[in-house]
Amino acid sequence: MDAARADLNDDSAAETSIAVAAAKVHAAQTAVEVAGALFEVSGTRSALNSLNLHRHWRDARTHTLHDPARWKIQHIGRHVLNGTRPPRHGLL
């Protein structure tokens, strides 16, 4: 991002946007997967309300719903396959 900001043009903005989108997609998928795995390794007692561990999965899932990765994946795919730049409006 710093390099793109120093020499901002359509290409550097697109590359940075794609890199950030890829990182966000990976982080979102990993957060939900790890939070779900918490229950697998902890057993059924981990679902008790008194432990409140379900909040980790719920929080991860809520964040992924507010910033849906499916649109990011489409823009990443278009960029990789066709060289199509993502939209330049700060919402990718």
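Student: Where is leucine 48 found?
Tutor: Leucine 48 sits in the loop between α2 and α3. Helices are DSSP runs of H or I with at least four residues, strands are runs of E with at least two, and both are numbered from the N terminus. This is a predicted model, in which local features need pLDDT of at least 70 and side-chain atom pairs count only at pLDDT 80 or more, while totals for chains, interfaces and linings use all residues. Residues are numbered from 1 along each chain as its sequence is written, and side-chain values use heavy atoms, with hydrogens and water left out.

Student: How accessible is leucine 48?
Tutor: Leucine 48 has a relative accessible area of 34% and is partly exposed. Buried means under 20%, exposed over 50%, and partly exposed in between, with a 1.4 Å probe and protein chains only.

Student: And how far is leucine 48 from arginine 85 in space?
Tutor: Their C-alpha atoms are 47 Å apart, for a separation of 37 residues in sequence.

Student: What else is in that loop?
Tutor: Asparagine 52 is in the loop between α2 and α3 too. Asparagine 52 takes a positive phi of about 60° without being a glycine. Its relative accessibility is 30%, and it counts as partly exposed.

Student: Step back a bit. How many helices and strands does the protein chain have?
Tutor: Four helices and zero strands. Along the sequence the pattern reads α-α-α-α.

Student: What does the C-alpha trace span along its principal axes?
Tutor: About 55 × 25 × 20 Å. The radius of gyration is 17 Å, whereas a compact globule of 92 residues would have one near 12 Å. That radius is taken over C-alpha atoms, and the globule rule is 2.2 Å times the number of residues to the power 0.38.

Student: What share of the 92 residues is buried?
Tutor: Buried residues account for 22% of them. The chain exposes about 6700 Å², of which carbon and sulfur atoms supply 58%. Accessible areas come from the Shrake-Rupley method with a 1.4 Å probe, and for residues only the protein chains shown count as cover.

Student: Now α2. How many residues does α2 have?
Tutor: α2 has 33 residues and reaches 48 Å from its first C-alpha to its last, close to the 48 Å expected at 1.5 Å a residue. The expected span is 1.5 Å times one less than the number of residues in the helix.

Student: Which elements do the buried residues of α2 pack against?
Tutor: They pack against α1 (2–6), α3 and α4. Among the buried residues of α2 are Ser12, Thr16, Ala28 and Ala35.

Student: What is serine 12 in contact with, leaving aside its neighbours within four places in sequence?
Tutor: Ala4 and Asp7, where contact means heavy atoms within 4.5 Å. Serine 12 is buried at a relative accessible area of 15%.

Student: Which residues make up the largest nonpolar core?
Tutor: There are five: Ile18, Ala21, Val25, Ala69 and Ile76. The elements giving two or more residues to this core are α2 and α4, and α2 gives the most, with three. A nonpolar core is a set of buried Ala, Val, Leu, Ile, Met, Phe, Trp, Tyr and Cys residues joined through side-chain atoms within 4.5 Å.

Student: Which residues are buried in α4?
Tutor: Ala69, Lys72, His75, Ile76 and His79. Seen down the axis of α4, these fall within an arc of 125°, so they line one face of the helix. The arc is that of the directions from the helix axis to the C-beta atoms. An α-helix has 3.6 residues a turn, so residues three or four places apart point the same way.

Student: What is exposed on the other side of α4?
Tutor: Arg70, Leu81 and Asn82. The buried residues of α4 pack against α2 (10–42) and α3 (54–66).

Student: A lysine on that list. Is lysine 72 buried or exposed?
Tutor: Lysine 72 is buried, at a relative accessible area of 3%.

Student: And what comes just after α4?
Tutor: Glycine 83, with a positive phi of about 75°. Proline 87 is in the segment after α4, and it is partly exposed at a relative accessible area of 27%. The C-alpha atoms of proline 87 and histidine 75 are 8.4 Å apart, with the two residues twelve apart along the chain.
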